[in-house]
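Biologist: I'm new to this one. Could you walk me through it, please?

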Amino acid sequence: GIAYTGSDAYAQNISLDKHLTKLIINDLAIPTKKSYLIQSILDLPRIPNFPLFLKPNGEGSSLGVGNASIVRNSAELATKVGKLLEKFDSILVEEFLEGEDLTLGVIGNYPNYEATSVGILSYPSQVYGEEIKSKDSMPETISFTLDKILEKKIQQDSIRICQRLKVFGYARLDWKLDTKGNPFFLEINLTPGLSRYYSSLPICYEESLGKYSDLIKKVLQFGYDNYNTNKFFDYGKLEKI
């Protein structure tokens, strides 16, 4: 019965399992690249399509992700997966997308949401990874020049994902283009950074939906509304006899 902002444990647990999230995305028929969950070196799939991309299945903030995450042959795949499994419980292997990185925010309580503009991320590296995100400054830049038809599709699909996961409050969704400009869902973050200066969600919000202070007020209001209307909280509100 304690009020909080953001999504509940149900949605949080799904979002923190990238493989499970992608299974749900496939069920929604939203484009996402095929992936394989690796929990042991014995699980290594025979994948004919290289290059591939490796990342920890259950980590955020791009932990374990960098230029070395790109794999171009089977020998390299076995070596890099082995090293990652020494540090992480499970690894996600998926087809590598070589187009631009995209990000946007979705704001609201289930089932009603609004999406921010879609930002295009540019950064001084081949991969938007841990080294860039773990910084005191912001080496990456965000521009808002995406084709409007493509932007609309990504916004609509992002809202569909939030409705399926029953997201509350706010979320950041990451997408990536292939070399032909087709968008593919990467992952959803239900505890994204909210820094006005180097977090992408507030930057995308201010580009299209309002001031930073409005975003913070909305996050608090959504938490208040959820507490007062969601049956999930009823048990904690029962009066003691």
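Predicted model: local features only at pLDDT ≥ 70, side-chain atom pairs only at ≥ 80, totals over all residues.

Biologist: Is Asp 174 buried or exposed, then?

Modeller: The cut-off for buried is under 20% relative accessible area. Asp 174 has 12% relative accessibility, so the residue counts as buried.

Biologist: Which strand holds Asp 174?

Modeller: The chain has 10 strands, along with 8 helices. The one covering residues 168-177 includes Asp 174, and that is strand S9.

Biologist: Which side chain makes a polar contact with the side chain of Asp 174?

Modeller: Leaving out residues up to four places away in sequence, Asp 174 touches Leu 102, Thr 103, Phe 185, Leu 186 and Glu 187. One of these has a side chain in polar contact with that of Asp 174, at 3.0 Å: Thr 103.

Biologist: Now the whole chain: what is its radius of gyration?

Modeller: A compact globule with 241 residues would come out near 18 Å. The chain agrees with that, because its radius of gyration is 19 Å.

Biologist: And what percentage of the residues is buried?

Modeller: We use the under 20% cut-off again. Of the 241 residues in the chain, the buried share is 47%.

Biologist: How far apart do the centres of the positive and negative side chains lie?

Modeller: There are 28 positive and 30 negative side chains in the chain.

Key. Residues numbered from 1 in each chain as written. Heavy atoms only, no water. Helix = DSSP H or I, 4+ residues; strand = E, 2+ residues; numbered from the N terminus. Rg over C-alpha atoms; globule rule 2.2 N^0.38 Å. Buried < 20%, exposed > 50% of the residue type's maximum accessible area, 1.4 Å probe, protein only. Lys, Arg positive; Asp, Glu negative; His and termini not counted. Charge placed at Lys NZ, Arg CZ, Asp CG, Glu CD. Polar contact = N/O pair within 3.5 Å; in protein donor to acceptor, adjacent residues only side chain to side chain. Contact = heavy atoms within 4.5 Å.
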